Amino acid sequence: MKLQRKNRLRAVALGAIAVSGALVLTACGSDDNSGGGSTGGGSTKAAGNIKCEGKGQLLASGSSAQKNAMDLWVKNFTAACKDIQINYKPTGSGAGIQEFLQGKTAFAGSDSALKPEEVTKSKEVVKGGQGINLPLLGGPIAIGYKVPGVDNLVLDADTLAKIFDSKIEKWNDEAIKKLNPDAKLPDLKIQAFHRSDESGTTDNFTKYLKAAADKSWPYEAGKAWKAKGGQAADGSAGVSSQVKQTDGAISYFELSYATANSIKTVKLNTGASAPVEATSDNASKAIAEAKIAGSGKDLALKLNYTTKAEGAYPITLVTYEIVGDKGNKAETLPAVKSFLTYIASADGQSVLKDMGYAPLPAEIATKVRETVASLS
């Protein structure tokens, strides 16, 4: 059963969804929002309780953290809704937001909520409205490593900060030995990999380091990597690939990439009674402490990166789909709402756990569904 499950996860994580064509239909309209396009396609009750509305092709981009979930969501949705095609490109959160703000995409995926200046910018393409953040999935940011002979590794925030700032350079450093007294740590150079693209995963990881190891992490959190040293790779797929093939490597990426590539992950010493493993359930315990920080229809969340709750894994992220609250393009709005309704539904959320993601807490999921229904 374990082998079957690993094979299934690997197929989900590595299989791309091929979508023909690249017609760009934006969710946010021009000054003339009456539009000439038909909302067509009708409304039908499809397999898996997916309600199909609208038709055409939707282009979206952004978070590579949600790629594995998005691949499966798109596969399930388009199998039921034959008149809708969705092409999601995992370009990274920063690039996804920029394409949305340029009016190039129907929605953006981002592991960080829009900044105030980005909300202001969104009003230029969302006529009469603005971009809002809809949380659609959560999950742990795993710290993957490849150290020969070490199958169980515990680190804390301070040690991680020093590793990723090139202050700790060998795997047998005294700070790592102290946390792992029974491990046979080799005299091996640490190869720390970070994202080369602007990434919400980087933003959340550095928010954790800033919050939990402020004295050892002198940099501000952000989508762009600011620390010195290390090596860079593109996207979660890029950094996880480097870890898989490089002795001494360590990096940060979503748990689904670790699972799909059979990469060992670090347990965190958070101050709880026992080190905490990166799992969907443990991430859910941390995300349950999140508070809604947005106003109006914006559902941006504030995460607690310093939790010491038993079994709560603090390096988590929440991925948002960014859309316009109103003023959306008439011919694409039905399809956008139909797709977002599915991924926020119980059916859409139920597929996440097996891929290493954390479904939304019930209260937040209900608010997302209500907000999606109100988009206009």
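This is a predicted model: local features need pLDDT of at least 70, side-chain atom pairs count only at pLDDT 80 or more; totals for chains, interfaces and linings use all residues.
Residues are numbered from 1 along each chain as its sequence is written, and side-chain values use heavy atoms, leaving out hydrogens and water.

**Stop one: a pocket**

Select S112, A113, D203, K207 and L301: of the 19 residues lining the second largest pocket, these lie nearest its centre. (On a 1 Å grid over the protein atoms alone, a pocket is an open set of points where a 1.4 Å probe fits, with protein on both sides within 12 Å along at least five of seven lines; lining residues have an atom within 4 Å of a point.) The space in there is about 370 Å³, counted as what is filled by probe spheres set on the points, which are joined across faces, edges and corners.

Now colour α7 (200–212), which gives the lining three residues, the largest share. Helices are DSSP runs of H or I, at least four residues, and strands are E runs of at least two, numbered from the N terminus. Strands β14 (301–302) and β15 (316–324) each supply at least two lining residues as well.

Next, show A157, L160, A161 and F164 of α5 with F205, Y208, L209 and A212 of α7, which make the contact (heavy atoms within 4.5 Å).
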